Amino acid sequence: MMANIRRVFGSFIPLCIAMHNGYKVSPSEGAGKFYKESSTRLSRPEVMPIAKGQLDWRALELKWQRRWEEARIFEANPDPNRPKCFVTFPYPYMNGLLHVGHAFTATRVDAYARYKRMKGFNVLFPWAWHWTGATIAGQCERLKRKDPEMIRILTQADKVPPEELDRLTDPVEMARYFTERGRKAVRRMGFSVDWRREFYTTSQHPHYNRFIEWQYKKLRELGCVVRGTHPVVWCPSCQSFVGDHDRLEGEGVRPEEFTLMKFKLAGSDAYLVAATFRPETIYGVTNMWLNPDVEYVEARVDGETWIISPQAAEKLADQGRSVQVLRSFRGSELMGKSCLSPIDGRELPILPGWFVDPDYATGVVYSVPAHAPYDYLALRDLKRQPERLAQFGIDPAVLDKIEPISMIEVEGFGDYPAIELVEQMGVKDQYDPKAEEATKIIYKKEFHEGILKPICGPYAGQVVRAVKAKLIEDFKAKGIADSMWELPARVVCRCGTKCHVKLLQDQWFLKYSDPAWKEKARECVERMKIYPEAARSWFLEVIDWYLDWPCARKMGLGTPLPWDPEWLVETLSDSTIYMAFYTIMRAIRAYNIRPEQLTEEVLDYVFLGRGDPGEIAGRVGLEEHVLREMREEFLYWYPVDLRNSAKELVPNHLTFFIFHHVAIWPPELWPRAVGVNGMVMVEKKPMSKRRGNFVPVEDAVELYGADATRCALLLGAEGMDDPDWSDENARAVKANLESFYNLVLELAKASGGEFGRPERWLLSVLQARIKAVTEAMEELKTRTALSTAFYEVWNDLRWYLRRKMGKPHGPTVRQAVETWVKLMAPFAPHICEELWERLGKEGFVSLAKWPEPDEAKIDLEAEEGEELVKGVLEDLGEVIKVLKVEKPRRACLYVASSWKWKAYLRALEAAREGRPDVGAIMRSLMQDPELKARAKEAASLVKQLVKDIMDISPEERERRLKLGQLDELAVLKEASAFLAKEVGAEEVLVFREDDPDRYDPKDRAKLARPYRPAIYVE
RNA sequence: GCGGGGGUUCCCGAGCCAGGUCAAAGGGGCGGGCCUGAGGCGCCCGUGGCGUAGGCCUGCGUGGGUUCAAAUCCCACCCCCCGCACCA
């Protein structure tokens, strides 16, 4: 028996060290053989030693991982008698090692899986590997070229031994290599995975390949896959598109679509084709700008003659236009001529504009001086330097005829916003950088708030933003407008060539723009659970925003499109419904089904229930029952109950996942829930291989063990917040887990003791903890759940043990500790298994029944009693501190008399209706003769009581009201020895305030209030 | 720029939706005490300021506002993180 509280916490570990000194654990010896000899002092030979005051985590974790595997407890088979729960983690991409970010997301899934399993669900948590895409192939290329950065990343971040590098130049080898290491890491984390269903993607896995072929046949049948063209950033020298990572300049720059307005050149069939983002301003056009110093061409473009820059002609040719350059000339040639406004045929002079860049869009710009700063500036510059006009033989008088035309109304400006702003900002001329700034301001303002004036015909009175798309469509229909793609900023390829936009022909697209498809996806989002709820609007936003997605590429690894095999399904498009494949992977292995047996009709039957299983089975040489079993297994596990990922996947993978499910399956098979979490930071910075703060799972596990890694990650954050991984924190969590382990073992030895209020209190608060952890897990709030299960329960026990001064009640403590271990099992499964075994429990804690809160154990009197003791202890401490006495000789407590309690309870009642009114309470109290006799005293008391009451939570008020008068005298008398010990007093005396025999030299008793006994310290 | 999420006491983080329970949970770190042969572990106390009786003052990105009362509600501003398309 423990002699006192200090011994409970202070001495047992050294004792354990003494007991086990000399036992050295060799990890290679495996489960059950960790010691040189069987411990004679521990009753069970297989339990873990505590080596050097610390656990041998590695040996302990390997032991339980092996036992789980041997017992095959995570292999989930359909069982109609149990509710199922199918949870998934997006298979990781195998271009490198798994890192703590993967571990974080997967640990959340695993903790949820383990929780649900303990709740009695038949839980399936499968795992697979993503090989699809060009990234791995790209890495191999870089490796072949001996790119030093690539070698550095592979050898340092991914810790590939240099001698392996040669082998990894083959993409399949690289994928396989990282898959092997990844699998080891996943196992070491103790994830409760059913490995029978493991696979990897691409044509390298013929079964999966069949599945993707089937999926795309279905999508095509449904009209979800269509052919079309697509703009990409293109390098004319490399003849290939240029992704963000292949650029020297222009990261993040994407193609944008310009509107082209066609102005007929007066007395000619040719059009001056001006490019703009603001076609609505056509109503305010006053003249045309060409750069007189650069070259232009006249070209046949789709049967029309266009005047544009030669660069533009080249770009248009890459955008699916038929382009034939007829002649080339300098811009100066057209100066002083005129063209016609496409809207109303007004004649517009063509003037020299040196700001016009032939490299940008068409090199032709129309002028709207009222609303475009550059246009106003260029006109102003010409007026100031009429000689520059004369140089082209233009009569400067032409400028006098140009009046700005106001066509957009915008608050805070008059008729000519561009002019006002230019003057206000003091922009010098068209070469002043401030011109750009002014342009941005006007554009933004007019786009969002601008209203078109009556001059704008059918669009008058409308907001620019609202009408723009319609206007473009109308102009195109009338044949006065066209469009072209252009990059809003310079992009330079790795090879040094300037890029432009190319429109790729005959691409295969997933038609995410389809309104009917979007609608179904929205419906799915609306009906599913989303953790955290804040992510829901994000999904809806993304679905709304999606355009068609090019779903196939010609490079890298993947599954060829069945009807056009030179195209491979790209990586985000072959990972959308594969969770269904997990459901049949078990049978494929068990029955040794060959890939060619997974025909379209077989999979139609399995996943869609189409056709006659007997006939189909016969045709492919399978037993009918096998086919039926696969169908049943699919229907058993589907739909997906939870898919959890990091938030970066919301706008892509998770949304695809939703789109494809709603396309292929009826609503009852749509996903039930998605979880989204933050991205792991390492020492507060985003993890990056290049930056060198990349933390592989294998390293974390090696240093801290699986349980500590899991807990440190889960304690980091929940919701969409980003958790931070730091060594300091991981170390601290590991130490906490070790203390948890030692404390549980020590407490399990407790025997004897008495059952009283502290025991009732402990069991009562434990029920609240169980409830809180359970509720948090249901919402996937893993941080709240773990922190409650771990720290809050610990604090409860801490108080209890302190309160019992080292004499805990064996059975109660044991019960508490068993519950504690169960609550911790989803998070720190290895150490909990070990404890479970050491506690002498049968079976795996992983399969133990999750605790349920027991209403019968909830004990208001005990909880309020302990609250009182805590409060008194705190107040005593405060008083002693202020008095600056080292060791008080004696402390006296005086509990409130019953008339005060009457007033207190009345005040509590009054507080139910909001802020209590002192007057009203008094009036009602005065009905009672006992109180009426003390009216004066009562009045000041009630004021104080109302203050007290408003200082506690409404729930607490309700509890106290429900409980009624607490027998404070009994509670405190029972606790007096404890209080005396805590404050270091010789004795603590407790009296009723109206006890005539009380010891009360300073006459303090009258200050007593309910839950606040009066105190006298000497 | 657009969309999403945030800014809380030394650090991480709860609280904010449903205003008073909040000097503000929990953890970490740090300081002191106890325990120990010593260390680690554990336990207790402290960790904005003041205080010779359980209390008072200041305080939750910045600036306003609503209210008897605001970390919590409203407005404006500043700052940080994530995603933005052929890429996993």
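This is a predicted model: local features need pLDDT of at least 70, side-chain atom pairs count only at pLDDT 80 or more; totals for chains, interfaces and linings use all residues.
The lining of the second largest pocket divides into 17 nonpolar, six polar and seven charged residues. Helix 14 supplies the largest share of the lining, seven residues.

**Pocket lining**
- The second largest pocket is lined by 30 residues.
- Nearest its centre lie Phe258, Phe277, Tyr360, Tyr374 and Thr439.
- Two helices, helix 10 (373-384) and helix 14 (434-449), each give at least two residues to the lining.
- Strand 8 (256-265), strand 9 (271-276) and strand 16 (364-367) also supply at least two residues each.

**Helix 24 and helix 29**
- Helix 24 spans residues 706-714, and helix 29 spans residues 829-838.
- Their axes come within 7 Å and cross at roughly 125°.
- Helix 24 is therefore oblique to helix 29.
- Helix 24 makes the contact through Ala706, Asp707 and Arg710.
- Helix 29 answers with Pro829, His830 and Ile831.
- By class, the residues of this contact are three nonpolar, one polar and two charged.

**Domains**
- Chain A is divided into domain 1, domain 2 and domain 3.
- Domain 1 is made of two segments, 231-255 and 487-503.
- Domain 2 covers 256-485.
- Domain 3 covers 880-1017.
- The centres of domain 2 and domain 3, taken over C-alpha atoms, are separated by 84 Å.

Key
Residues are numbered from 1 along each chain as its sequence is written. Chains are lettered from A and ligands numbered from 1 in the order in which they are written. Side-chain values use heavy atoms; hydrogens and water are left out. Domain bounds come from an automatic or database domain assignment. Axes are lines fitted to C-alpha atoms, for helices over the stretch in contact, and angles run from 0 to 180 degrees between N-to-C directions. Helices (H or I, at least four residues) and strands (E, at least two) are DSSP runs, numbered from the N terminus. Angles under 35 degrees count as roughly parallel, over 145 as roughly antiparallel, 65 to 115 as roughly perpendicular and the rest as oblique. Contact means heavy atoms within 4.5 Å. Ala, Val, Leu, Ile, Met, Phe, Trp, Tyr, Cys and Pro count as nonpolar, Asp, Glu, Lys and Arg as charged, and the others, Gly among them, as polar. On a 1 Å grid over the protein atoms alone, a cavity is a set of points where a 1.4 Å probe fits but cannot get out, and a pocket is an open set with protein on both sides within 12 Å along at least five of seven lines; lining residues have an atom within 4 Å of a point.
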